[in-house]
Amino acid sequence: MPKPLRVRYSRIARLVDELLEKYNVHEPPVNVHRIAIGEGHQISYEYLDDEFSGFLLKGTKHFVIGVNRSNAENRQRFTIAHECAHALLHDFDDIHVDKAFKLRSPLSSKAIDVEEIEANTFAAWLLMPERMLRNDLLRWGIDVQSDDSVAELAHAYEVSQQSMAFRIANLLSRLR
């Protein structure tokens, strides 16, 4: 499969929706570990250098998702979702290694590496599904300008406050 030339947002949305439906996920936090295992992946928590968040090792029958065990639990959840995206969306030889990535890394903000943008998008959309997030924003009456409100929502979804703030900003920008 050739490298994608542009981010395939529709495909990512469809895959995320299918996984949420398949694993009967209707409220946060999304059990990304259960989804990864259910999709046939093994998860291995490893001591990795600080510059590495995780890796994806292609096996004969399944993938092994390596997660840096010294990262915060929210980071580990994002890494699992990110590596699941690579397994579902991308082709690579034997191993794919992710250096410590940020939701808005220098590469993703410049739209240079489409596969990393797709993996980050997939991870954010899986961990913070649009339907759930919209409902919670409306139901809770969250003040998206308030750090405390964003932190409360991030806690409910078991993601970092930075990830939640970025996801909300992205969602609101599409509604305008």
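This is a predicted model: local features need pLDDT of at least 70, side-chain atom pairs count only at pLDDT 80 or more; totals for chains, interfaces and linings use all residues.
Mentor: Start with one rule: two strands pair if DSSP finds at least two bridges between them.

Trainee: Which residue in E3 does glycine 54 stand opposite?

Mentor: Glycine 54 stands opposite valine 67 in E3. That position belongs to the pairing of strand E2 (residues 52-58) with strand E3 (residues 63-68), where 5 bridges join the two and the strands run antiparallel. Another bridge in E3 puts phenylalanine 63 with lysine 58.

Trainee: How many residues does the hairpin between E2 and E3 pass through?

Mentor: The hairpin joins E2 to E3 through 4 residues.

Trainee: How does strand E1 run against E3, parallel or antiparallel?

Mentor: Strand E1 (residues 42-46) runs parallel to E3, and 5 bridges join them. Within E3, glycine 66 is the bridge partner of serine 44.

Trainee: Where is alanine 87 found, and what does it touch?

Mentor: Alanine 87 is in helix H3 (residues 73-89). Leaving aside residues up to four places away in sequence, alanine 87 touches His41, Leu56 and Phe63. Its C-alpha atom is 9.3 Å from that of histidine 62, a residue 25 places away along the chain.

Trainee: Why does alanine 87 count as buried?

Mentor: The cut-off is under 20% relative accessible area. Alanine 87 counts as buried because its relative accessibility is 16%.

Trainee: How many aromatic pairs does a search of the whole structure find?

Mentor: The search finds 1 aromatic pair. Tyrosine 9 and tryptophan 125 form it, with 6.0 Å centre to centre and 35 degrees between the planes, and the pair is tilted. The pair links distant parts of the chain: tyrosine 9 is in helix H1 (residues 9-22), tryptophan 125 is in helix H5 (residues 114-127), and they are 116 residues apart.

Trainee: Are the two residues buried or partly exposed?

Mentor: Tyrosine 9 counts as partly exposed because its relative accessibility is 43%. Tryptophan 125, with a relative accessible area of 11%, is buried.

Trainee: Which ring does the charged end of arginine 69 sit over?

Mentor: The charged end of arginine 69 sits over the ring of tyrosine 47, 4.9 Å from the ring centre.

Trainee: How many helices and strands does the protein have, and what pattern does it follow?

Mentor: The protein has 8 helices and 4 strands. Along the sequence the pattern is α-α-β-β-β-α-β-α-α-α-α-α.

Terms used: Residues are numbered from 1 along each chain as its sequence is written. Side-chain values use heavy atoms; hydrogens and water are left out. Rings of Phe, Tyr and Trp (its six-membered ring) pair if their centres lie within 6.5 Å; planes under 30 degrees apart count as stacked, over 60 as edge-to-face and the rest as tilted. Buried means under 20% relative accessible area, exposed over 50%, partly exposed in between (1.4 Å probe, protein chains only). A charge sits over a ring if NZ of Lys or CZ of Arg is within 6 Å of the ring centre and within 35 degrees of the ring normal. Contact means heavy atoms within 4.5 Å.
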